[in-house]
Amino acid sequence: MTSVKTQQSRNDDGLAAVVPATAAPQVIKRRRKPLTWDKVSFFAVFLGLPLAIYLLFVIWPFIQAFGYSLTDWSGFSPNQNFIGLENYVKIFTDDIFMKAMGNNILLVIFLPIITIILSLVLASLVTVGGSSKGQIKGLRNSSFYRVVSFFPYTIPAVAIGIMWGQIYDPSGGLLNGILTGLGLDQFKDFAWLGDKNTAMIATMFVIVWGFVGFYMVLFVAGIKGIPAELFEAARIDGAGRFRTAVSITIPLIRDNIQTAYIYMGILALDAFVYMAALNSGGGPDNSTLVMAQQLFFTAFSKGQFGLASAMGVVLAIATLIFSGLVFVVNRLTGGDKDVSL
Amino acid sequence: MTTKVSTPEMKSLHFQPRTPATTKGDKVVGAVSHTALTIWTLIVILPLLWTFMSSFKTSSEIFASPFALPAQWKLDNYIKAWSEAGIGSAFLNSIIVVAVALVIVMVLGAMCAYVLARYTFPGSRAIYYLMLAGLTFPIFLAMVPLFFVLKNMGLLNTLPGLILVYVGFALPFTVFFLFSFFKSLPHEITEAAALDGAGEWRTFFQVMLPMAKPGLASVAIFNFLGLWNQFLIPVSINAAGPRVLSQELAAFAGQMGYAVDYGALFAAVSVTVIPVLIVYVIFQRQLQGSVSQGTSK
């Protein structure tokens, strides 16, 4: 019994990660008890009820979407004809959708990297920026920074979008006010969201602004989970701050970074809310149009539900490919080495 | 680290606890760190303060100068946003929908996670992976069929329909998070409860659920934020129904092109932001703790 118990508790450690790598099913042999009303009703309600809702409102629509994507259904006519992969051909020859996909790829490349580097730097400053003598400790008053940085995460994305739309406003906005105040007069009446060269960058900044605090808190928690002895040992061995961050901190919170990367990437492939709030029409020259906007427009404005479902499938496959890539890259660069504590 | 090496000289001195001497390098690093963090804090906080300040200005004041303080600190914009723009009723709708959905999803999620974590039966693994799949697939894919599922059930554009969908989409995260929590609770306790004659129902509600309180609190906070901020689901399946806050806000901003009342728009944004911000500041300790529980194990 004791051996089973230690196995069990060791196994639990891995389960909080997004995909439990070590979550092999622990089969514990138990004596079979006779089925009672208590037990039957318990299983029916505890498992049946949640599963029914989940299957009906989540899984069933997902499955249907694959089916619809192969038809020319308009949503309001009863007849839907099976047209094979025609919708997919249409999507991939549609310049606007390809432009939107390109924008999503741009977002997927830059958003996670910028957000994670920035939040990792801020988290390191907060946790190990303190004195290099004596006990390892963080910066003084660091909890203030942490609390404030988290603010944007509590704000609805729509509100963030509207707020920044006003900040970027060419004439009455905060940004141009500050820039002209600093003497940069060329920015007077400059439309950040109306110029195709700056619209995407300005939009990306808004998303980064919204998420850095959240990932900073996540990384701070991860770094605090590392035992202080490790940092002390590194220091005794003569490692400086930078070396400690690269050789100790990052490898030990690698799983957190991977999780953050996947979440941020999935968000970048969606990005609907931010784009819709900042530039609902897709921006100048469609420079901020994303696949999700095109899907929404195709479905609910044009009523081409078959085509829209195919776009959804493309989006889902893109998400899966992205998550798979992150896993593979993490493995290849040594993420499978056992450095966890 | 604090072992004191006692040499003869030291014994004769008064022993003072050594405060670590701050080196010059430390001071530089400290200053740079504080500067960098202060800059980021300003980037976060200035837009919020500016929005709040602008919510008291009239439209002409906003256009005159982005920095000038409002001539009068009046609540006109808030009254306009709350009643005329419908932010008030949307606020109430949001509270109803999120509160009901949150209670349902916490109860159902806890029950489902408990069964999956504590009992092994054929298919339990499959159900668990089915839940994981729901976490990774983009919500977008489901929206079009979901529209018709609800339409056939007569729940399209109604708050109960919205609540059920919220429950469905918050369920995988809840189950996934609580699964590891219930798994870590010791088995002896269930056995003790069974010996004392508690049935399955009673064991769950009187023994296991109270023990899972910290986990429940963390998940509830994240679910609250996620559902409160939800935008895509309401605009897809509740477009013509009683609007929730994020929806109303977007609709209000959408009209702005025609009838410009920026002061009221800023007020509407402030009304959306401030209550959650206050709740966050009150519960921030709990929240910071929950992030670490969820991710750094």
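The contact between the two chains draws 85 residues from chain A and 83 residues from chain B. On the chain A side, helix 2 (residues 37–68) gives the largest share, with 20 residues. Please keep in mind as you look around that this is a predicted model.

**The side of chain A that touches chain B**
- Sorted by class, this side of chain A holds 55 nonpolar residues, along with 20 polar and 10 charged ones.

**Chain B as a whole**
- Of the chain B contacts that link residues at least 6 apart in sequence, 78% join residues at least 24 apart.

**A closer look at I223(A)**
- You will find I223(A) in helix 8 of chain A, which covers residues 199–224.
- I223(A) counts as buried because 24 other C-beta atoms lie within 10 Å, and the cut-off for buried is 20 or more.
- Leaving out residues up to four places away in sequence, I223(A) touches A123(A), T127(A), T249(A) and I253(A).
- W209(A) sits 14 residues from I223(A) in sequence, and their C-alpha atoms are 22 Å apart in space.

Notes: Residues numbered from 1 in each chain as written. Chains lettered and ligands numbered in written order. Predicted model: local features only at pLDDT ≥ 70, side-chain atom pairs only at ≥ 80, totals over all residues. Helix = DSSP H or I, 4+ residues; strand = E, 2+ residues; numbered from the N terminus. Buried ≥ 20, exposed ≤ 12 C-beta atoms within 10 Å, placed from the backbone. Contact = placed C-beta atoms within 7 Å. Nonpolar A, V, L, I, M, F, W, Y, C, P; charged D, E, K, R; others polar.
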